[in-house]
Amino acid sequence: MAEHSGLSTATLSNAHAGKELPSWATVNGYILACGGDPEGWSARWESLRLAASDVSGDLCREALSRWERTGDLTAPHAVNEGELRELLKTLLDFNGLSHRTLARQAPGYSHVTYGSVLRGARPRKAKILYQILIGCGVYSLRSQEAWLWLHLLSRFSWREGVEGGKLLARVEQPLRYAGDLDLKMLKTILERLERGRGLFAADIVSHDSINALRTAYEDMLALLLSSLQRSHVQPPPKLGYTFNRVVGELRNSSIPNPAAIAALVPLAMPFHPRLRPRVVMALKNASELLRRAENGELTIRGAGGLRLPPLPPFQRTAPAAS
């Protein structure tokens, strides 16, 4: 199982023991090693994780329900500092982030600082709260403003309310079009894309591996395009044309131009410069292999190592862009 999943035997053993809920990366690898489909297990794992987070209060439960249902990371109306703190802790739970992981995704403050702020042991500075939102995937201005910075922070400190407004006003123009992005889902899909590329590199090309790569490719594009659309902001004309072109090509069951996709990725995930090249390269490699498969340029391996005729062109169902 360790060889098939890329996980250590200790990690697999701990997951099998059932003493605590394993991470999704562990569950994903465990299921793949057993020949299963992780997508059928995702909702079950998510419900267990949220139940284990011990979220209390109607406001936090309302927020969790909305985030699960829509992927829209706006916050309910918090009326005091304590409710804001609880909502931020719930947002961390929703994303499965520890304070250390938050510090890696939102550099600028240590995990100790973030922990102190979320416990209420340190004042809620506007700059720290902004980094917490960024680390939790709250990117769009619409979502950031929905956390009631200007109104709520002003109740704690007039100075911090003003600072919050300045932070939002200073967001660079390209970043204003960023939508909220589910990083946990993105990384899972990215692993599927890269795993599919590895199978092709090892000359393990089958109908199943091609279909799995195609599904991961479409899932990634759907995630990126939906995050852009959820921002509810009109992008510049050139990028708006590119966005519509990619959506149109998907609906027509054709593979979008890799250059067009590469132009949209920075817009969809502007706060993750280290992750962007991996996403662009994974999509580029996948599109190249899928084109070759459609053109009959790949020799498909069947069960028992038998060589099958090239895969005929396939029809895809374009992912919804909303």
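Select E86 and K89 to begin: they sit 3 residues apart in helix 6 (residues 81-95), so about one helical turn separates them. Helices here are DSSP runs of H or I with at least four residues, strands are runs of E with at least two, and both are numbered from the N terminus. Draw a distance between the side chains and you'll find a salt bridge, with the closest N and O atoms of E86 and K89 3.2 Å apart. The term salt bridge asks for a side-chain nitrogen of Lys or Arg within 4 Å of a carboxyl oxygen of Asp or Glu. E86 is partly exposed at 30% relative accessibility, and K89 is partly exposed too, at 33%. For the cut-offs, buried is under 20% relative accessible area, exposed is over 50%, and partly exposed is in between (1.4 Å probe, protein chains only).

A word on provenance before moving on: this is a predicted model, in which local features need pLDDT of at least 70 and side-chain atom pairs count only at pLDDT 80 or more, while totals for chains, interfaces and linings use all residues. Residues are numbered from 1 along each chain as its sequence is written, and side-chain values use heavy atoms, with hydrogens and water left out.

How many salt bridges does a search of the whole structure find? The search gives 4. Pick R170 and E163 next, whose side chains meet at 3.7 Å, N to O. The two ends contrast: R170 counts as exposed because its relative accessibility is 53%, whereas E163 is buried at 19%.

Then go to E194 and R278, another salt bridge, at 2.8 Å from N to O. This pair ties together distant parts of the chain, with E194 in helix 13 and R278 in helix 17 (residues 276-294), 84 residues apart. Both ends are partly exposed: E194 at 33% relative accessibility and R278 at 39%.

**Two threonines**

Stay with helix 13 (residues 183-201) and select T188, which lies in it. T188 is buried, because its relative accessibility is 14%. Which residues does T188 contact, once neighbours within four places in sequence are left aside? Show W24 and N28; contact means heavy atoms within 4.5 Å.

Now jump to T26, in helix 3 (residues 24-33). T26 is buried as well, at 9% relative accessibility. With neighbours within four places in sequence left aside, T26 is in contact with L7, T11 and A15.

**Into the core**

Time to look inside. The largest nonpolar core has 75 residues, and those touching the most other members are I132, W147, L186, L224, V279 and L283. Helix 14 gives the most to this core, with 10 residues. A nonpolar core, for the record, is a set of buried Ala, Val, Leu, Ile, Met, Phe, Trp, Tyr and Cys residues joined through side-chain atoms within 4.5 Å. In soluble globular proteins, nonpolar side chains tend to be buried together.

**Helix 15**

Select residues 237-251. Helix 15 has 15 residues and reaches 21 Å from its first C-alpha to its last, close to the 21 Å expected at 1.5 Å a residue; that expected span is 1.5 Å times one less than the number of residues. Colour by accessibility and G240, T242, F243, V246, V247, E249 and L250 show up as buried. Their cover includes helix 14 (207-230) and helix 16 (258-268). Just after helix 15, check the backbone of S253, which takes a positive phi of about 60°.

**An aromatic pair**

There are 2 aromatic pairs to find. Aromatic rings of Phe, Tyr and Trp (its six-membered ring) pair if their centres lie within 6.5 Å; planes under 30 degrees apart count as stacked, over 60 as edge-to-face and the rest as tilted. Select Y109 and Y114, an edge-to-face pair at 6.0 Å centre to centre with 65° between the planes. Y109 is partly exposed at 26% relative accessibility, while Y114 is buried at 0%.

**Zoom out**

Finally, show the whole chain: 17 helices and 2 strands. Buried residues make up 47% of its 322 residues.
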